[in-house]
Amino acid sequence: MRLLHTSDWHLGRAFHRVNMLGAQAGFIGHLVETVREHAVDVVVVSGDVYDRAVPPLAAVELFDDALHRLAALGVPTVMISGNHDSARRLGVGAGLIDRAGIHLRTDPAGCGTPVVLGDAHGDVAFYGLPYLEPALVKAEFGVEKAGHEAVLAAAVDRVRADLAARAPGTRSVVLAHAFVTGGEQSDSERDITVGGVAAVPSGVFDGVDYVALGHLHGCQTLTERVRYSGSPLPYSFSEHRHRKSMWLVDLDADGSVSAERLDCPVPRALARLRGTLEDLLADPELTPHEDAWVEATLTDPVRPDEPMARLTERFPHTLSLVFDPERGPEEPGVSYARRLADRSDQQIAEDFVTHVRGAGPDDREQDVLRDAFDAVRADDTAREVAR
Ligand SMILES: [Mn+2]
């Protein structure tokens, strides 16, 4: 049986100020094309379909379009909710769309009830484990201490119990949305830490033939049988080295697994550039990045004038500007209170300007600060008098 494993679509999410709906629609088209081209038997989507509990209308419409196109292919799809989805909202109508071959699993109580799909070699049981928020599901699973490992282990126990009651040779696939130990994080996953522990060892899935994970946004292999597909699109600059992909997984008659990584279309490259503004504007080696979405870290000791306007002349898709001035080492070990002692408000404000910009205020700016402090003091005095 041939599976296509994807996750973390985050429909409706923007990348900085760029609306990603067009790129997301492009991915859905690519997904449908891939299913056809590679003769996929089952599509698995491991959570975070949407970016938030109440997604924008355009994202809901895109999801609806995706469901119609997947159903029209006649290829079954198994899907779970992730930590960004509202399980209850996403799950509305799940019983009905089941009949169209879209098997949406959002209810923790259904963890031990698989979608059973067959091929020439027999049955494959697909267990959709929606994202399990420990505090909300600990009663369902009868665990005393609410932690990710405890609830996920209890859910997979139900999977193994159900599997044990099926015909020998029944193969198994689990969809889960979790942070599994050994996975590498990026900046665009929402933290799910509970009591200081977010990660679950991959051993909780022992006995399952293939585990299609969602949550982490980089495509990665934890073991031959336990993989993350990652998101199809980047949602933070920390993903600038990711090659976004899906897994094409062949599940053989004996449950052995072989997986091929299929790359997703790249709407626009990402680049993280660092240097002084003049360097970034002049360096010929940066020419390949001129069309990229750029995050620029400026190291100028003095913050330059209108850096964004000047950067976008060369890099029109600059989305993020960070200042990290290179300066000499600052006085170590002096407390904040000590640094402020014996200084006037005016001096402290001027020091602040120097600190954030690299150069102190000029005469005109000093006047602005002085006027501001005078105005505040006049106000305070007026209030004292009125009391
Ligand atoms: Mn996600």
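1. Basis of the note. The model is predicted, so local features are held to a pLDDT of at least 70 and side-chain atom pairs to pLDDT 80 or more, while totals for chains, interfaces and linings use all residues. Residues are numbered from 1 along each chain as its sequence is written, and side-chain values use heavy atoms, with hydrogens and water left out. Helices (H or I, at least four residues) and strands (E, at least two) are DSSP runs numbered from the N terminus.

2. Manganese site. Four protein donors surround the manganese ion at 2.0 to 2.4 Å: Asp8 (OD), His10 (NE2), Asp48 (OD) and His217 (NE2). Donors are N, O and S atoms within 2.8 Å of the metal (3.2 Å for Na, K and Ca); water is not among the atoms, so sites may look incomplete. Along the sequence, the spacing of the donor residues reads D-x1-H-x37-D-x168-H. Aspartate 8 belongs to the loop between strand S1 (2-6) and strand S2 (14-15), and aspartate 48 to the loop between strand S4 (42-46) and helix H2 (57-73); the pair therefore ties together parts that are 40 residues apart in sequence.

3. Aspartate 8 is buried at 0% relative accessibility, and aspartate 48 is buried with a relative accessible area of 1%. Here buried means under 20% relative accessible area, exposed over 50%, and partly exposed in between (1.4 Å probe, protein chains only). Aspartate 8 also has a positive phi of about 50°, although it is not a glycine.

4. Glutamate 306. A positive phi, of about 45°, is likewise found at glutamate 306, which is not a glycine. This residue sits in the loop between strand S18 (293-298) and H8. With 60% relative accessibility, glutamate 306 counts as exposed.

5. Alanine 53. Beyond its neighbours within four places in sequence, alanine 53 is in contact with His84, Ser86 and Arg89, where contact means heavy atoms within 4.5 Å. Its C-alpha atom is separated by 9.1 Å from that of asparagine 83, 30 residues apart along the chain.

6. Cavity. The whole structure holds 1 cavity of 30 Å³ or more, and about 50 Å³ of space lies in the largest cavity. On a 1 Å grid over the protein atoms alone, a cavity is a set of points where a 1.4 Å probe fits but cannot get out, and a pocket is an open set with protein on both sides within 12 Å along at least five of seven lines; lining residues have an atom within 4 Å of a point. Grid points are joined across faces, edges and corners, and a volume is the space filled by probe spheres set on the points. Helix H6 (residues 148-164) gives the largest share of the lining of the largest cavity, 3 residues. That lining has 7 nonpolar, 2 polar and no charged residues; Ala, Val, Leu, Ile, Met, Phe, Trp, Tyr, Cys and Pro count as nonpolar, Asp, Glu, Lys and Arg as charged, and the others, Gly among them, as polar.

7. Alanine 178. Among the residues lining the largest cavity is Ala178, placed in the loop between strand S9 (171-177) and strand S10 (179-180). Alanine 178 counts as buried at 7% relative accessibility. Leaving aside its neighbours within four places in sequence, alanine 178 is in contact with Leu152, Gly214, His215 and Tyr228.

8. Second largest pocket. About 270 Å³ of space lies in the second largest pocket. Of its 14 lining residues, Ala87, Tyr131, Glu133, Leu136 and Val137 lie nearest its centre. Helix H3 (87-90) and helix H5 (134-141) are the elements that give two or more residues to this lining. By class, the lining has 7 nonpolar, 4 polar and 3 charged residues.

9. Aromatic pairs. The search of the whole structure finds 4 aromatic pairs. Tryptophan 9 and phenylalanine 27 form one that is edge-to-face, 5.8 Å centre to centre with 70° between the planes. Rings of Phe, Tyr and Trp (its six-membered ring) pair if their centres lie within 6.5 Å; planes under 30 degrees apart count as stacked, over 60 as edge-to-face and the rest as tilted. Both tryptophan 9 and phenylalanine 27 are buried. Phe15, Phe237 and Trp293 are linked by ring pairs into a cluster.
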